[in-house]
Amino acid sequence: MPTVREASFDLLRARGMTTMFGNPGSTELPMLADFPADFRYVLGLQEAVVVGMADGYAQASGRASVANLHTAPGVGNAMGAIFNAQANHSPVLVTAGQQTRAQITLQANLTNRDAIRMPHPLVKWSFEPARPEDVPLALAHGAHLAALPPRGPTFVSIPMDDWYAEVDEADAAHAIAREVSGRAVADPDAVRALAERLEAASNPVLVAGPDIDASGGWDAAVALAERQRLPVWASPATGGARLGFPEDHPNFRGVLPPAIGPVGQTLEGHDLILVAGSSVFPYYPHIPGPLLPEGATLVAITSDPDEAARAPMGDAIVADVGLTLAALLEQVPESSRPAPEPNPGPQEIPATDPLNSSTVHTALAEVLPEDAIVVLESPASTLAMRNQLRLSRPGSYYFSAGGGLGFGLAASVGVQLAQPDRPVVCVLGEGSAQYAITAFWSAVAYDVPVTYLVLKNSEYAILKWFAEVEQVSGAPGLDLPALDVSAVAAGYGVSTRQASGRDDVRDALSTALASSHPELVEVPVEPGMSLF
Ligand SMILES: Cc1ncc(C[n+]2csc(CCOP(=O)(O)OP(=O)(O)O)c2C)c(N)n1
């Protein structure tokens, strides 16, 4: 009879989950014994990095990934990253070791006393099998559920002696062989009604969210916008884990602001707002105002029942976003509405000394290969980067929809491992880099050729902006003097260079991009926000 270990690895193998992200402890060693040669173990030096890498890998590969943590403290360290994975709709199967069964009740050292409750409410499902032989089925359950809509992390706690138990061969074969698919098609009547509303509207608009990309709906969104002459806004950057629409497309208007009042103002004049693949909406900060402009109605298409149910206004269709857009496309004719005003493209920003972040992004735009992927965590320059780069291919952008820092640096390693043939650039604020700083070690250890662009403004610029919005003065802890990210990265083995003029930045990035190893370019920038 196969052991739990053999059956579990067979299950992961059958699901294509042969890259395991982890940080091991004594309770995980029985699982890792005689690690199969066709598996790859990617070591993260802290658990937030382990889950962040697994999140990037899952999103960029399109299938569930596995992150293995060390009992309660490992899960505790990873909670911020699990929060992000949930907001990103990222299918990560998180597992953690547990004390040996004989010592759980007496709470021996490192017992995860309430293993199932601990990761709540950040996971879709949390479980510790009642019997050792149930581990493979529990892992199957967690992997399937993570990948079903709405995608998100699941958790299985595994007592360390379970790996040696034997499982029934036929039962294991059933668990291993199962396929579970979850791309639900929308009710045809709902699609027909939406098509009629769209056709009847005089000035409709599309708001494109991250799940368009995740569901493979990119081409359908573009075709729908073109056929129906829809201007397109990206959903607010705060919740934009991915792009939903090409940002260089003539119909593309820009990124919606993230607060209630400004969203309403921006969409003024539209009578139908069609939201695809986004919550309605990822608001922050709280700037009150009407939820919708006068005379407008809204329909959201989302695969997440919770997103649909919690929206404060409008109707919703719960179904796969890509399939629903494709079905809608079939129902609508070529519109006779005038084409939206052509998009003027990025604004020219004069260079300053030190450079402003917008100028740095113009330099990046010049050298960024067409098939590049950007992972972004540079809070005060998020909008400047979106405006200057105008990324326009599917799967080209990853951002933490949860807003928890530490995603970018870690996720970039996972994204590059999942997409080895596409160049990955990770843009970081020097403050953000600290939350996952040990991911530099993983990038070097596995020779993952990410290009890191670090913007050094010596402050938490976005928090100074928030302080103004919140009318807070005198808050401590918003300055970061003497934070030397490149020296720290060099300590982990990353090749680093500094650049300060616009041409230097462009040349340094170009050299870094040509390298097949991790490289870092650090640029001093002006303090403050960069919007364009
Ligand atoms: C885990 C976590 N802790 C704290 C914050 C609050 N926070 C949001 S942005 C920010 C500043 C980040 O600094 P930096 O990367 O230098 O970006 P800048 O604002 O200067 O662009 C902080 C501390 C957060 N979002 N997540």
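Let's start with the sheet: six strands form an open sheet in the order β9-β8-β7-β10-β11-β12, and the pairing is parallel. Strands here are DSSP runs of E with at least two residues, helices are runs of H or I with at least four, and both are numbered from the N terminus. Two strands pair if DSSP finds at least two bridges between them.

A quick word on the source: this is a predicted model, where local features need pLDDT of at least 70, side-chain atom pairs count only at pLDDT 80 or more, and totals for chains, interfaces and linings use all residues. Residues are numbered from 1 along each chain as its sequence is written, and side-chain values use heavy atoms, with hydrogens and water left out.

On to the inside. The largest nonpolar core has 61 residues, and L224, L325 and L453 touch the most other members. Such a core is a set of buried Ala, Val, Leu, Ile, Met, Phe, Trp, Tyr and Cys residues joined through side-chain atoms within 4.5 Å, with buried meaning under 20% relative accessible area (1.4 Å probe, protein chains only). Helix α9 (residues 218–227) gives the most to this core: six residues.

Finally, look at L325. Not counting residues up to four places away in sequence, L325 touches several residues, including I212, L224 and I301; contact means heavy atoms within 4.5 Å.

Note on methods:
Buried < 20%, exposed > 50% of the residue type's maximum accessible area, 1.4 Å probe, protein only.
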